[in-house]
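Here are my notes for your first look at this one. Open the model alongside and follow the points in order.

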Amino acid sequence: MDGALTQNDRSHVVDADKAHVWHHLVQHKPFETTDPNIIVEGKGMRVWNQTGKEHLDAVSGGVWTVNVGYGRERIAKAVYNQLIKLNYFAGAAGSVPGALFAEKLISKMPGQSRVYYCNSGSEANEKAFKMVRQIAHKRYGGKKHKILFRDRDYHGTTIGCLSAGGQDERNAQYGPFAPGFVRVPHCLEYRRHEQDGAPQDNYGEWAADQIEKVILAEGPDTVGALCLEPVTAGGGVIAAPDGYWPRVQEICRKYDILLHIDEVVCGVGRTGTHWFGYQHYGVQPDMVTMAKGVASGYAAIACLTTTEAVFDMFKDDADDPMNYFRDISTFGGCTAGPAAALENMAIIEDEGLLENTLVMGEYMTGKLHALAEKHAVIGDVRGKGLFLGAELVTDRETREPVEEARVKAVVADCMKQGVIIGATNRSVPGKNNTLCYSPALIATKDDIDQIVEATDAALGRVFG
Ligand code: PMP
C-alpha cells in the first residue's frame with residue numbers, strides 16, 4: 001500500500017491543515033511544534049498517514065464507525081452508480097435506495113416498522129426527542145414531556161443532546177441546557193461501591209429500580225421517554241448486568257414511557273451475533289436511533305426507527321393540519337447514504353461478520369483478561385462483541401482511576417508501535433481511564449494479537 005504523499009504534497013497538506021483546520025476533540029497548542037496525523041489511505045483494518053506509516057486501526061476510524069473496514073470497492077461502486085443516477089431529493093419525496101434500505105433494515109428489527117432518515121447520531125436523537133415532545137403535546141396536554149437519560153451515557157453534541165448527556169466532562173462549560181431532561185443513575189457494576197445502597201447481589205435489578213425511583217419522584221404522568229445506550233460507549237464501555245433490561249422494559253410498560261434505544265455505536269453488528277445491541281437482551285424498544293456503522297462511514301447517514309404504534313400517533317387525526325411530524329433533515333435526502341448502507345449490510349451478511357464479531361470478541365476478551373493477570377493496573381475488562389474496554393486503576397481494592405496523563409501515554413505508545421487504540425470514560429473530568437477497543441468486524445486473530453501485544457508493551461513501559 002502506497003499511502004505516502006510526495007515530499008511536496010506532504011508539506012503542502014500539513015501546512016494547509018495546520019493553518020486552517022480546527023480538528024475535533026483536541027487542544028491545538030501542540031501543533032505549533034508537531035504535525036497532526038493526517039490519514040491518507042486505508043485498506044481492510046489498516047490506515048496509512050502522510051509519512052506512509054502503517055497503523056492497525058483498533059478503533060474503526062476513531063469512533064466505532066468503519067465496521068466493514070476500509071477500501072470497500074463494493075460500497076464505492078454502489079454509491080457511484082447511485083450518484084450518477086440521482087444524488088439527492090429531499091422533502092416529502094422518497095428515493096429508490098431509501099425505500100430498499102428501509103425494507104432491509106426493518107427486516108432485521110422485528111417490532112420496528114418505520115425509518116426516518118437524517119445524517120448524524122445527534123440529529124437522529126434530536127428527532128426522537130422531538131417526537132416524544134410532540135406526542136406529549138398531542139396526547140397529554142404537554143405534560144408527559146420529560147426525557148430520562150442515564151449517567152455516563154452520551155447521545156450527541158447538540159445542546160438538546162447534551163441536555164440528555166450523562167457525561168460531565170463533555171457537558172462542562174456548554175450550559176445552560178434545555179429543560180425537561182432528567183438524569184437516572186448508571187449501571188456500572190464495577191463502580192457500584194460509589195452508589196449508595198448498591199447491593200452485592202442482583203445489582204442489575206437494583207440499578208433498574210433506581211430508574212423507577214426517579215420516575216416516581218418526577219411523577220410518571222410527566223415522563224414521556226427513557227433514552228439509553230444498549231452498551232454505554234464513551235462513558236466507559238458498560239454492558240448492563242443480568243436482570244437490568246427485563247426490569248427496564250417492565251418499568252417503561254408500567255408507566256407508559258417510550259423506550260428509546262441509542263444504537264449509534266452498537267448498531268449494525270458491533271456487539272456481534274445480533275444486528276443491534278438491544279437484541280441481546282430481548283428488549284422491544286419504541287424508538288431506535290443509529291448512525292456510525294450504518295454505512296461504515298462511506299457516507300453520512302443516520303436513521304431513527306419506530307414501531308408502527310409510534311408512527312400511527314402522527315398519522316391519525318389527518319384532518320388536523322398540525323398532526324404530522326413537522327420536521328426535515330436537508331441531507332436526509334442524500335441517496336448516497338442508503339445506497340452505501342444497503343451494500344454495507346450485504347457485506348456483513350455475505351462475509352458472516354456478525355458471527356466473526358462474536359468469535360473474535362470472545363477471543364479478544366480472553367486475551368485482555370490474560371493481560372489483566374500480568375498488569376495489576378487493569379481493574380476491569382468489559383464490553384460486548386468487538387466493543388471492549390479495560391479500565392485502569394491504581395489499586396484493585398479502592399478502584400481509584402489512574403491519572404489520565406498515563407492513560408494518554410499508553411495510547412501514544414501504542415500509536416508509536418503502529419496500533420491505534422482509544423481511551424474513554426468521559427463521566428468524570430480528567431479521569432478518562434478506560435482503554436477502548438473497537439476494531440472492524442473483519443478483525444482476525446492476528447490483528448487482535450497485534451493489538452493486545454502493543455497494549456502489553458505500552459502498559460509495561462508506562463506502568464513498569
Ligand atoms: N450517541 C452515541 C451513543 C454516540 O456515541 C454518539 C457519537 N459518539 C452520538 C450519539 C452522536 O453521534 P454523532 O457524532 O454522529 O452526532
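1. Start at Ile-147: its bridge partner in β7 is Ala-225. In total, four bridges join strand β5 (residues 146-150) to strand β7 (residues 223-228), and the two run parallel. Strands here are DSSP E runs of at least two residues, and helices are H or I runs of at least four, both numbered from the N terminus. Two strands count as paired if DSSP finds at least two bridges between them.

2. A word on the source: this is a predicted model, where local features need pLDDT of at least 70, side-chain atom pairs count only at pLDDT 80 or more, and totals for chains, interfaces and linings use all residues. Residues are numbered from 1 along each chain as its sequence is written.

3. Now look at the other partner of β7. Strand β10 (residues 258-262) pairs with β7 in the parallel sense, over four bridges; Ala-225 has Leu-258 as its bridge partner in β10. Is β7 buried or exposed? Six of its six residues are buried, so β7 is largely enclosed by the rest of the structure. (Buried means 20 or more other C-beta atoms within 10 Å of the residue's own, exposed means 12 or fewer, and partly exposed is in between; C-beta atoms are placed from the backbone.)

4. Zoom out and you get an open sheet of seven strands with mixed pairing, in the order β4-β12-β11-β10-β7-β5-β6. At the edges sit β4 (114-118) and β6 (181-184), each pairing on one side only.

5. Which residues does Ala-340 touch, leaving aside neighbours within four places in sequence? Its contacts (C-beta atoms, placed from the backbone, within 7 Å) are Ile-75, Ala-78, Val-79, Ala-295, Tyr-298, Ala-299 and Ile-301.

6. Finally, Ala-217, in helix α8 (residues 203-218). Ala-217 is exposed, with 8 other C-beta atoms within 10 Å.

Notes:
Two residues are in contact if their C-beta atoms, placed from the backbone, lie within 7 Å.
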